Amino acid sequence: EVNIMFNKILLLLTISFSFSLAHAAPLTVHFNDLADGNRSTSDGTGSNSIGEKGYQPYTFNFTTGLDLTVRGYETSGAESYAYMDRGNAGMGVCTILNNTQCNPSSDDNVSVGEYLRLTFNYDVRIESLTFNNNHDGGFSNTSIDIDGIVKSGLNGGAKTFNDSWLVNAGDFLDIAYVNSGDTTRRNHFYLETLVVSQVPEPSILFLMGSGLIGLTLIRRKRIG
């Protein structure tokens, strides 16, 4: 009976640990490639060749069960549209849509008075965010506000930040353009990629802890 109980607990631990690893593995969302139709379900997004279009909200369903919802807003609080722009760009904001296409087509990035809001259905850790301004010659002393922290002095090509942000389920992370007074198009940006991992649920950690305690007790009984 002790051996049977030992095997059951060991199986429970194996299942819990495997489930935890599957959910904790980082996922990379390539918004630029998805807009260009170069990504598929094999990348974990559950979406095939999204292409250039806008929605409010824009929802991405991962094969692990994790959902990412992106919304576009104006800093006045008015809703805009989250917009996927092709041509090695990424996720931006569009004020007016005409059959899912931005009108005018130049209003498809995050610019003055606009921001993106990211929401998840599980607790997550955003491990990195990458931005670009590939359609307008790169950055020129651009500033981006990520969850209240301003990243300033961006110049040239794509920029990646690895600060690590914890976002609880149903909560959000805002990414906004910071007006530096320069009205040239080189101060706009796109969200290019997002690396995110799901934080293990407390219930899974409880099961693993209970299993370890059970194994310890059985081992002591065997020794005794």
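**Close-up views of a predicted chain**

**View 1. How the chain folds back on itself.** Among contacts (heavy atoms within 4.5 Å) between residues at least 6 apart in sequence, 67% join residues at least 24 apart. This is a predicted model, where local features need pLDDT of at least 70 and side-chain atom pairs count only at pLDDT 80 or more, while totals for chains, interfaces and linings use all residues. Residues are numbered from 1 along each chain as its sequence is written, and side-chain values use heavy atoms, with hydrogens and water left out.

**View 2. The secondary structure and the surface.** You can look for 3 helices and 16 strands here; these are DSSP runs, numbered from the N terminus (helices: H or I, at least four residues; strands: E, at least two). Of the 224 residues in the chain, 42% are buried, meaning under 20% relative accessible area with a 1.4 Å probe, protein chains only. The chain exposes about 11,000 Å² (Shrake-Rupley method, 1.4 Å probe), and carbon and sulfur atoms supply 52% of that area.

**View 3. The largest nonpolar core.** This core has 38 residues; such a core is a set of buried Ala, Val, Leu, Ile, Met, Phe, Trp, Tyr and Cys residues joined through side-chain atoms within 4.5 Å. Phe60, Met91, Phe120, Ile126, Leu129 and Phe131 touch the most other members. Strand β10 (residues 124–132) gives the most to this core, with 4 residues.

**View 4. Ala35 and its surroundings.** Find Ala35 in helix α2 (residues 31–35). Ala35 counts as buried because its relative accessibility is 2%. Beyond its neighbours within four places in sequence, Ala35 is in contact with Gly51, Glu52, Met84, Asp85 and Arg86. Asn88 lies 53 residues away from Ala35 along the chain, yet their C-alpha atoms are separated by 7.9 Å.

Technical notes. Buried means under 20% relative accessible area, exposed over 50%, partly exposed in between (1.4 Å probe, protein chains only).
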